[in-house]
Amino acid sequence: MSVSSPHIPTPARSAGEIAILDAAVKLFSEKGYDAVSMRGIAAQAGVSKANIYHHFESKEALYRAILFTSASELSRLVSDLAMSTGSFESRILDFATGHLGHLEGNALTSRVIMREAFSGDDTHSKMLVDEVFGEIFARLVSIFKSGQRDGVLRPDLDPAICATLLIGADVFFFQARGVLKHLPQAKFASDPPRFTAQMAEVMLNGMLIGDTATGAAP
């Protein structure tokens, strides 16, 4: 898949649709998909069920609209990374910074996605991949492959594992920050840019010094 493919478009939304989406995101993030009813969303949004069905044909359609809104922003981040002319290292850091900022700036939507990824049923998990994030992940993997082709990334590494580690570090920080901030040693919990910069440094350059690194020449 080409890394230069256009990112997912975000449809224009009316004020009424935005209010419904905001209400749905709040409830889905708190209770999960199955426990949320259209009646509950209507009550949260202060509208009638008929009004919701005027904009969204079903709960599933409403849920997908939430996922696509988040996917559009993530797609833009990957597109920016693909088109950037900076060094491979700076591009990876820019993505990690933007990705963590996206998670924290869209906390409720991010938690809906985390709930689906960690405990959702297989149908919705597959939908998440097939219709929303599969393409984004494939493009991020392609960027790591380009780093291998350019000779700046070790050829023996699995690009999909690299992409997973990059995303996973941000996701863990986002999910665990409430606990991390109470650990005296984890001063980085209050400084996301510091966390991102050092995480990218460790990921790209490792922890071991010189010839002690695994696989280093004798």
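Trainee: Which residues does Ile41 touch, not counting residues up to four places away in sequence?

Mentor: Ile41 touches Ile20, Ala23, Ala24, Leu27, Phe28, Val36, Ile52 and Leu62. Touching, or contact, means heavy atoms within 4.5 Å.

Trainee: Before we go on, what kind of model is this?

Mentor: This is a predicted model, where local features need pLDDT of at least 70, side-chain atom pairs count only at pLDDT 80 or more, and totals for chains, interfaces and linings use all residues. Residues are numbered from 1 along each chain as its sequence is written, and side-chain values use heavy atoms, with hydrogens and water left out.

Trainee: Back to Ile41. Is it buried or exposed?

Mentor: Ile41 is buried, at a relative accessible area of 0%. Buried means under 20% relative accessible area, exposed means over 50%, and partly exposed is in between (1.4 Å probe, protein chains only).

Trainee: Where is Ile41 placed?

Mentor: Ile41 is in helix H2. Helices (H or I, at least four residues) and strands (E, at least two) are DSSP runs, numbered from the N terminus.

Trainee: How many helices and strands does the protein chain have?

Mentor: It has 9 helices and 0 strands. Along the sequence the pattern reads α-α-α-α-α-α-α-α-α. Of the 218 residues in the chain, 39% are buried. Among contacts with a separation of 6 or more, 68% join residues 24 or more positions apart.

Trainee: Now the core. Which residues touch the most other members of the largest nonpolar core?

Mentor: Phe28, Ile41, Leu62, Phe133 and Phe144 do, in a core of 58 residues. Helices H1 (15-31), H2 (38-45), H4 (59-83), H5 (88-105), H6 (107-119), H7 (122-149), H8 (159-180) and H9 (192-205) each supply at least two residues of this core. H4 gives the most, with 11 residues. A nonpolar core is a set of buried Ala, Val, Leu, Ile, Met, Phe, Trp, Tyr and Cys residues joined through side-chain atoms within 4.5 Å.

Trainee: What is Phe133 in contact with?

Mentor: Leaving out neighbours within four places in sequence, Phe133 contacts Leu67, Ser70, Ala71, Leu74, Ile113 and Leu128.

Trainee: Next, helix pairs. At what angle do the axes of H5 and H8 cross?

Mentor: They cross at roughly 35 degrees and come within 10 Å. Axes are lines fitted to C-alpha atoms, for helices over the stretch in contact, and angles run from 0 to 180 degrees between N-to-C directions.

Trainee: Which residues meet there, in H5 and H8?

Mentor: From H5, Ile92, Phe95, Ala96, His99, Leu100, Leu103 and Glu104. From H8, Leu166, Ile167, Asp170, Val171, Phe173, Phe174 and Arg177. By class, that contact has 10 nonpolar, 1 polar and 3 charged residues. Ala, Val, Leu, Ile, Met, Phe, Trp, Tyr, Cys and Pro count as nonpolar, Asp, Glu, Lys and Arg as charged, and the others, Gly among them, as polar.

Trainee: Switching to Ser29. Buried or exposed?

Mentor: Ser29 is buried, with a relative accessible area of 12%. Ser29 sits in helix H1.

Trainee: What does the side chain of Ser29 reach?

Mentor: It reaches the backbone oxygen of Lys26 at 2.8 Å. Ser29 is also in contact with Leu108, Arg111, Val112 and Arg115, leaving aside neighbours within four places in sequence. Ser29 and Met114 are 85 residues apart in sequence and 8.8 Å apart in space, C-alpha to C-alpha.

Trainee: And where does Leu157 lie?

Mentor: Leu157 lies in the loop between H7 and H8. At 30% relative accessibility, Leu157 is partly exposed.

Trainee: Last one. Is Leu165 buried or exposed?

Mentor: Leu165 is exposed, with a relative accessible area of 51%. Leu165 is found in helix H8.

Notes
Polar contact = N/O pair within 3.5 Å; in protein donor to acceptor, adjacent residues only side chain to side chain.
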